[in-house]
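Subject: Structure handover

Hello,

Here is the structure I promised you. Please open it first, then read my notes below.

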Amino acid sequence: MDMKTDMRYEARYGMGTDPLSTEDCISPAYFAQEKERLFKRAWLCVGREDDVPEIGSYLVKDIAVLNTSIIVVRDKTNKINAFHNICTHRLNKIMQPGTGKAKAFTCQFHGWAFGLDGKLIHLSNENLFANFSHEKSGLPKIHADVWKGFIFINVAAQPKQTLQEFLGEMGKQYDNYFEGMELRGKWHIEVECNWKLFLDANTEAYHAPTLHAKSLAGPIADAENPDCRFNDVRLFGKSRIGSVYANPNYKPPLIEGKTALYAKTPLYPATSAVTDKLPAGVNPSKSPMWAFDVSVIFPNLQVATANGWYLMFLYWPLSESRTLMEVRNYMYKAETAGDLISQEFPAVHQRDVLREDMSTLEGTQQMLYSGVLKEMNLCDEEITVRHNHVSVAQFMAED
Amino acid sequence: MSTATLPAEFRDLEYFSEWALAQRKDRFKKRLNTSMEQITAFYNAMVPRIDAIVKYLNQKPLKDLNTAEKSLLSMALSLIEVSRCIERWNAPDSGAFGADKLVIEL
């Protein structure tokens with residue numbers, strides 16, 4: 001690795017090197033703007049098709065930043081629909097959060113029932129309603145679409161862009177990468193910090209030698225790359241890919257090393273040479289010394305892509321200073337016990353590494369409120385941080 | 001002490017069958033609430049047997065494992081959970097953020 005090219009991302013992308021204001025992480029007014037101008041106008045990932053695998057499968061989710069609760073359902077034509085979780089009678093919340101399977105959504109208040117296509121299919125005492133219209137009484141629809149198995153919604157009445165247009169070039173980087181892997185882990189946590197700080201912490205790498213000294217420095221830093229600099233950063237509109245280095249001479253301790261051997265494909269760290277079989281957006285620089293990528297599909301879907309596994313993160317603001325992070329592990333299908341035992345190492349260790357990533361968040365948020373300092377100083381490797389904040393502001397300013 | 005039984009070939013590990021926890025959230029919780037001495041004893045008992053365990057369990061597709069074999073698999077997964085305690089932290093946990101806040105669903 002050539003350590004002399006110190007400002008390579010500034011040279012390539014020209015995003016600027018000024019300190020970055022942190023007002024967007026503490027201002028209630030900015031958060032109010034994010035609700036109206038970002039989250040209520042963007043395509044947002046709410047899950048994956050494997051959450052709703054069969055006809056009638058549904059996913060119900062409360063989304064605080066949208067001030068609503070949604071039902072996502074696979075209908076009889078195999079289409080994914082989304083609706084606001086609200087009865088058109090007296091506006092009761094029909095379904096509780098979670099997943100399940102149903103033939104209809106029935107409100108427990110007066111028994112109004114809605115089909116998988118949202119149409120009102122049953123109510124009692126229709127003759128007692130004046131000027132009643134079935135057609136106008138279906139579940140309020142939300143625009144929904146699917147990309148590579150990820151289900152996206154857009155609560156705007158008329159989204160400015162289709163999902164494909166919104167994803168732009170980023171949407172073309174993955175071919176069939178996300179197919180053929182199955183859910184292996186799922187967890188969530190609420191942290192007292194702004195959602196953008198949380199995303200920042202999980203999408204740069206050069207904190208690894210210090211923050212992850214106990215758990216990750218060995219695999220992703222060495223004498224060649226002591227600061228764990230990115231192999232590459234690619235920006236695609238408001239989305240981005242950061243590709244993380246792997247130490248090719250890493251010698252894992254006993255059990256960690258054994259679990260790699262029990263796997264069909266070496267998993268963690270993934271210093272696999274089979275990078276030419278992976279699509280453009282995975283290990284974009286096709287480095288043989290590659291661990292995984294930390295990539296963000298604007299605004300709040302992060303995927304950490306590797307060979308044979310990926311992590312999926314969703315960051316949901318609960319306020320300007322509180323965030324819910326949902327994390328999932330996807331891995332290749334396990335056929336034997338050896339596969340499962342091997343996959344268990346990344347499943348549990350990534351969780352504990354992420355706990356280290358979270359260790360700075362509440363302290364940072366607290367100190368932002370002091371007002372003593374109002375700007376972050378970002379280095380070239382932190383272009384992913386700059387790009388995060390700037391992209392949010394740009395989207396909000398656009399028509 | 002759990003009443004889980006293991007395949008005959010691995011009855012020597014019966015003493016540690018309380019680690020035969022099928023759910024990842026239970027394995028995490030147990031690790032956090034176990035002393036380093038007990039974690040180390042479990043790790044030391046499992047390490048010399050893990051290759052044999054994998055070889056034994058790999059004889060069948062996952063879906064065909066019987067109850068005793070599933071218990072053995074759970075113990076192997078617990079070994080992975082605690083391996084970091086010995087191999088990285090020299091403690092039951094790294095001490096990083098959120099052990100009490102994290103909600104494991106799967």
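Start where the chains meet. Strand β12(A) runs antiparallel to strand β1(B), and 2 bridges join them. Two strands count as paired if DSSP finds at least two bridges between them. Strands are DSSP runs of E with at least two residues, helices are runs of H or I with at least four, and both are numbered from the N terminus. Look at W187(A): its bridge partner in β1(B) is I104(B).

Before you go on, note that this is a predicted model, where local features need pLDDT of at least 70, side-chain atom pairs count only at pLDDT 80 or more, and totals for chains, interfaces and linings use all residues. Residues are numbered from 1 along each chain as its sequence is written, while chains are lettered from A and ligands numbered from 1 in the order in which they are written.

Now the sheet. How many strands form the open sheet? There are 8, in the order β13(A)-β14(A)-β15(A)-β16(A)-β17(A)-β18(A)-β12(A)-β1(B), with antiparallel pairing. The edge strands are β13 (232–236) of chain A and β1 (103–104) of chain B, and each pairs on one side only. Within the sheet, 5 bridges join β16 (residues 301–305) to β17 (residues 309–319), both of chain A. There, L301(A) stands opposite L314(A) of β17(A).

Next, the interface. In total, 32 residues of chain A are in contact with 29 residues of chain B (contact: C-beta atoms, placed from the backbone, within 7 Å). On the chain A side, β12 (181–191), α7 (254–262) and α8 (337–358) each give two or more residues. Which element gives the largest share? It is α8(A), with 12 residues. By class, this side of chain A has 14 nonpolar, 8 polar and 10 charged residues. Nonpolar means Ala, Val, Leu, Ile, Met, Phe, Trp, Tyr, Cys and Pro; charged means Asp, Glu, Lys and Arg; the others, Gly among them, are polar.

Last, chain B. Its secondary structure is 4 helices and 1 strand. From the N terminus on, the order is α-α-α-α-β. Its C-alpha atoms fill a box of roughly 40 × 30 × 25 Å along the principal axes. Of its 106 residues, 37% are buried (20 or more other C-beta atoms, placed from the backbone, within 10 Å of their own). Among contacts in chain B with a separation of 6 or more, 72% link residues 24 or more positions apart.

Best wishes

Key:
Two residues are in contact if their C-beta atoms, placed from the backbone, lie within 7 Å. A residue is buried if 20 or more other C-beta atoms lie within 10 Å of its own, exposed if 12 or fewer, and partly exposed in between; C-beta atoms are placed from the backbone.
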